[in-house]
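Subject: Structure handover

Hello,

Here is the structure I promised you. Please open it next to this email and follow along.

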Amino acid sequence: MTAAAKRSLLAGLRWTSLRLRLVVVFALVALTAAVSASGIAYWLNREAVLTRTQDAALGDFRQEMQNRAASLPLHPTKDDLQNAAVQMASSSPGYSVLLVDKRDGDKPIVGNSNLDTFTLDNVPLSLQQQVNRRQPSEAGNTYPYHLFWQRTSIRGTPYLVAGTRIIGGGPTGYMLKSLDQERQDLNSLAWSLGIATGLALVGSALLAQAAATTVLRPVQRLGDAARKLGEGKLDTRLVVSGTDELADLSRTFNRAAISLEKKVADMSAREESSRRFVADMSHELRTPLTAITAVAEVLEDEADSLDPMIAPAVHLVVSETRRLNDLVENLMEVTRFDAGTARLVLDTVDVADQVTACIDARAWLDAVDLDAERGMMVRLDPRRLDVILANLIGNALKHGGSPVRVAVRTDGDELVIEVRDHGPGIPADVLPHVFDRFYKASASRPRSEGSGLGLSIAMENAHIHGGDITAANSPDGDGAVFVLRLPRDAEELTPTARDEGAEARDEKGDAT
């Protein structure tokens, strides 16, 4: 199975996918409709079947009571009742008959068609009371006794029980009709409706799958195209066919992609032009700056012998020349990062020696408190580490407060260098922007000794090693804390840097 097929399958199984939700909605609608229709059909058929059986049995029982039970003697014997019950049951549509009369002293005599299946105990007491209760004669009721019926269950089998008595004197008759056959017919109907519901559910799922495939395939293609566009493949386009809404959406996507590609190309061209301008300008400035710097250094050496009115101007020229030289170097470094030409030249160094050399070269030994154990060997680019440390420590000395403490430790596979000052800290609104290029905390003081590129260059050098720098205020409110994290072996994390470092070492070996 291809990767695209696996992604499509997994996307179809996620609850958040439109395909699954469409199938589920179709299935729920079909299930609701099928269950409702099946329930209504079952209920209507059940009532029809039971009513038809019930009416036939009750009508026949009433007729038999009028024809046979009413013709019995006024005081029938048990045999008379027994014979009449057997005759009534034999001509009935499958029910048993029970005839009850009373002798002197209200002693009942009973005759039934089947003593094993139907006795007076099978007749609910409430039905017996209703049958034997004399009804008051009213305008809408001219008979004192009526036929009453009730559905009941005997040993798990459904039955219809009915009873009435002869008006004007005579036995009371009860009828017991089994509804087991009707129950079996209704169960068969329920199974048929259940199977039909299941088939409707399966059919709806297949229909939903077909609809989802038809509707969502263009959406999936649109999603794939958008993903490619997000990955930078700006020439991605959709094949448009049809005139529906999805086709209009695809056309809109193509127009947006064309516009985006044009804008990105224009921006890239302008950015490349800006980078080339900065690089060319920096290179062009280096030659006159070299001459100016040499002259400034000569003037600085002779400053003590110059006119006191001229000496301050000489010192100003010297400091501004150095500042301009640093700015040009920083601009060239930024240009290399933006162009992607910055490379690592890796070497194994002792961190403590490297930090000490950085501090000593800039005459910061008296202002910096170093906490680093010797023998902590790491593999990185020494020159770039020196740039990072110089910018972090220089920033702490310039904007923080002495003493500046530099602590070096290892944390697993990482080298951690913490630079802490004792100044006022970093304002909360400035903290998110400390690594932005040319950012200065106060817009009212656009001119300062720095170029606004130092911390940005330090961050770029950390990133090229596969590391990072974080800035925060000390928890005790005493100064700011910058934490540099670098891998102890940058060669393992940056294969491009490893290759470039190997090439640089080979070139050095060839040169020697």
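A cavity is a set of grid points where a 1.4 Å probe fits but cannot get out, and its lining residues have an atom within 4 Å of a point. Keep that in mind for the next part. Please also note that this is a predicted model.

**The cavity**

How many cavities of 30 Å³ or more does a search of the whole structure find? The search finds 1. About 30 Å³ of space lies in the largest cavity. Its lining consists of P218, V219, L222, L246, L249 and S250. By residue class, the lining has 5 nonpolar residues, 1 polar residue and no charged ones.

**The overall picture**

The protein has 12 helices and 12 strands. It has 512 residues, and buried residues make up 34% of them. Now take the contacts between residues at least 6 apart in sequence. Of these, 62% join residues at least 24 apart.

**A helix pair**

Next, turn to α9 and α10. Helix α9 covers residues 382-399, and helix α10 covers residues 454-464. They pack at an angle of about 145 degrees. Their axes are 9 Å apart. The crossing of α9 and α10 is left-handed. On the α9 side, the contact is made by R384, V387, I388, N391, L392 and N395. On the α10 side, it is made by G454, L455, I457, A458, N461, A462 and I464. What is the make-up of this contact? Its residues divide into 8 nonpolar, 4 polar and 1 charged.

D381 sits in the loop between β8 (377-380) and α9. Is D381 buried or exposed? D381 counts as buried because its relative accessibility is 4%, and the cut-off for buried is under 20%. Leaving aside residues up to four places away in sequence, D381 touches R343, L344, V345, L346 and H465.

Most residues other than glycine have a negative phi. Two residues are worth a look here.

- R155 is not a glycine, yet it has a positive phi of about 50 degrees. R155 is in the loop between β3 (148-154) and β4 (157-165). Its relative accessibility is 71%, so R155 counts as exposed.
- A363 is also a residue other than glycine, and its phi is positive, near 60 degrees. A363 is in the loop between α8 (351-361) and β7 (368-371). Its relative accessibility is 68%, so A363 counts as exposed.

The cut-off for exposed is over 50%.

Where is Y145? Y145 is in the loop between α4 (125-132) and β3. Y145 counts as buried because its relative accessibility is 14%. Again leaving aside residues up to four places away in sequence, Y145 touches V131, N132, R133, R134, R165 and I167. Along the chain, Y145 and G168 are 23 residues apart. Their C-alpha atoms are separated by 9.7 Å.

**Two more pairs to display**

Start with V24 and A205. V24 lies in helix α2 (residues 18-67). V24 has 27% relative accessibility, so it counts as partly exposed. In sequence, V24 and A205 are 181 residues apart. In space, they are 7.6 Å apart, C-alpha to C-alpha.

Then try T335 and D280. T335 belongs to helix α7 (residues 311-339). T335 is buried because its relative accessible area is 10%. In sequence, T335 and D280 are 55 residues apart. In space, they are 10.0 Å apart, C-alpha to C-alpha.

**Where to look**

For a quick tour, begin at the cavity lining, with P218 and S250 among its residues. Go on to the contact of α9 with α10, which includes L392 and A458. Then visit D381 in the loop between β8 and α9. Finish at R155 in the loop between β3 and β4.

Best wishes

Note on methods: Residues numbered from 1 in each chain as written. Predicted model: local features only at pLDDT ≥ 70, side-chain atom pairs only at ≥ 80, totals over all residues. Heavy atoms only, no water. Axes fitted to C-alpha atoms, helices over the stretch in contact; angles between N-to-C directions. Helix = DSSP H or I, 4+ residues; strand = E, 2+ residues; numbered from the N terminus. Left-handed = near helix turned anticlockwise from the far one by under 90°. Contact = heavy atoms within 4.5 Å. Nonpolar A, V, L, I, M, F, W, Y, C, P; charged D, E, K, R; others polar. 1 Å grid on protein atoms, 1.4 Å probe; cavity = no way out; pocket = protein on both sides within 12 Å on 5 of 7 lines; lining within 4 Å. Points joined across faces, edges and corners; volume = space filled by probe spheres on them. Buried < 20%, exposed > 50% of the residue type's maximum accessible area, 1.4 Å probe, protein only.
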